[in-house]
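These are my notebook entries on one structure. I put the sequence and the model here before I start.

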Amino acid sequence: MTRTAIVAGASGLVGRCIVNELRKASGWNIIGLGRRMLTAEGVRWIAVDLADAADCQRALGNVNDVTHVFYAGRHDHPEGVPESVEINTAMLVNLINTLEPVAPLQHVHVVHGSKYYGHQLGPVQVPMVEHQSRAPNRNFYFNQEDFLIERTRQATWSYSTSRPHAFCDPAIDHPRSIGLVIAVYAAIQRELGLPLDFPASETGFHALTQFTDLALLGRSAVWMANEPRCANQAFNVVNGDWLRWSELWPDFAATFGMAVGTPQNIKLEHWIRDKGPVWQAVVKKHKLRTTDVQQLALWPYGDYQLSPQWDVMSSMEKARKLGFNDAVDSYQMFRRQFDHYRSEKIIP
Ligand SMILES: NC(=O)c1ccc[n+]([C@@H]2O[C@H](COP(=O)([O-])OP(=O)(O)OC[C@H]3O[C@@H](n4cnc5c(N)ncnc54)[C@H](OP(=O)(O)O)[C@@H]3O)[C@@H](O)[C@H]2O)c1
C-alpha cells in the first residue's frame, strides 16, 4: 500500500533526514514543504508559507492524498532569541486545518525537543522522562502539543512527538552544528600552534550532556508513524550515551593530531572575530574550499552547546520498551562528521 507523506520543513536539518528515511523505506510518496521552491530526488516540492492560512489553502487545498504528516518546520529566529510561540503554532494549525478536510490523514508526527523539560532554564530532574512536567516558560512545543491533543479527541488520525537534544549531522551547509564549530575551532588552534583547549568553562567541561544523531531521529520519526502503540504519545530521542565534553575532548584531540588543552572560559562568539586571516591561511595552505569563517559555523550556538551548567540526560526507556532499540555511539558519530568535513575539503 502506497502512503503519501508531507514533510513540512523538508529543507531543514531534520526535515532532510526524515525525507532520506522515507526514501529508503519503500511505499512512500513524498511531498516536501518550505517557503523556498527547491528540488530533491524523489520529492514533489510545494512552496508554501505555512504561517499564512490563505497561502496554505492556495498551495495545499487540493492535495487530497496525504496520509502522514512529518512536521519539522520552525520559523526563523536569531540565535539566543526565543522562537515565536504564535507563528510556530499557527504554522502547524494552518497545515492541519488545510489538510484535514481533504486528505485521509492517519498520523501526524511533530518534532519537538528536550527544551520541553526546561533544562536550559535550570537544573531539572534527570534522566528526563516523557511524563515529567513541562518547563515553566512559554514554548511553542506546548501550544502545538495542546492543539494535537485537542484535535485528535475527535479525529480519525493520531499524533506523536519526538524530543531530541542537540542535533548532530555531517551537513556542511547548516552552520547550527556543534561538529562544525569544534572542527573549525580545532583547525585554527592547530594552525596557531596551540593545544585543543576547551573553549568554555570548567563546569561545562564536566557536566553530562547528550546528542541526537539526525539519521537516528529520522528513523525514530518513521518508527513512531508506523507503530500503533506510539499513537498520541511523546518520545525522547537521543543517541543513548550520556557524555561529558571532558570525556570526548581527548578523542577529538587525537583525531586532529593535537595535544589536549584545558578549559579556557572564553566565548567563541568573541574569539572568532579576529580569526579571518588565520582561517584564510589554513584554507590556502591545505587547498580547502573557500569559506567565510564567521558564517561557516554558528559560533554563539557553539558557546551554548559547550556550556551545559548541570547534567542533562534524557531517558530512552519509553521508546526502548516499545521496540525502538536504535542507538548511536557519539564518539563514532563525531569522528564520522569530522571525516566528512575533511572529504568535503572544509577542514584539513
Ligand atoms: N537544532 C537543534 O539542535 C534542535 C534540537 C532539538 C530540537 N530541535 C527542534 O527541531 C525542529 C526543527 O528544527 P531544525 O533545526 O531542523 O530547523 P531548521 O533547520 O531551521 O529548518 C526549518 C524548516 O522550516 C521551514 N520553514 C520555516 N518557516 C516556514 C514557513 N513560514 N513556511 C514553510 N516552511 C517554513 C524552512 O524552510 P524555508 O526556509 O524554505 O521556509 C526549513 O525547511 C524545531 O522544532 C526545533 O525546535 C532542534
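At what angle do helix α3 and helix α4 pack, and how far apart are their axes? I noted first that this is a predicted model, in which local features need pLDDT of at least 70, side-chain atom pairs count only at pLDDT 80 or more, and totals for chains, interfaces and linings use all residues. Residues are numbered from 1 along each chain as its sequence is written.

**Entry: two helices**

I looked up α3 (residues 85-99) and α4 (residues 140-152): they pack at about 30°, with axes 8 Å apart. Helices here are DSSP runs of H or I with at least four residues, strands are runs of E with at least two, and both are numbered from the N terminus. Axes are lines fitted to C-alpha atoms, for helices over the stretch in contact, and angles run from 0 to 180 degrees between N-to-C directions. The two helices are therefore roughly parallel to each other (the term covers angles under 35 degrees).

I then listed the residues that meet, where contact means C-beta atoms, placed from the backbone, within 7 Å. On the α3 side I found Val 85, Asn 88, Thr 89, Leu 92, Val 93 and Ile 96; on the α4 side, Phe 140, Asn 143, Gln 144, Phe 147 and Arg 151. By class, this contact has six nonpolar, four polar and one charged residues. Ala, Val, Leu, Ile, Met, Phe, Trp, Tyr, Cys and Pro count as nonpolar, Asp, Glu, Lys and Arg as charged, and the others, Gly among them, as polar.

**Entry: ligand**

How many residues surround the ligand? I noted 26, with Gly 9, Gly 12, Gly 34, Arg 35 and Gly 113 the closest; a residue is near if its C-beta atom, placed from the backbone, lies within 6 Å. α1 (13-24), β2 (28-34) and β7 (166-168) each supply at least two residues of this shell. The largest share, three residues, comes from α1. I sorted the shell into twelve nonpolar, nine polar and five charged residues.

**Entry: domains**

The domain assignment gives domain 1 (3-167 + 211-237) and domain 2 (168-210 + 242-313 + 329-343); such bounds come from an automatic or database assignment. Their C-alpha centres lie 29 Å apart. The contact takes 16 residues from domain 1 and 16 residues from domain 2.

**Entry: backbone**

I found a cis peptide bond between Val 126 and Pro 127, with omega about -5°. Pro 127 lies in the loop between β5 (107-111) and α4.

Conventions:
Parallel < 35°, antiparallel > 145°, perpendicular 65-115°, else oblique. Contact = placed C-beta atoms within 7 Å.
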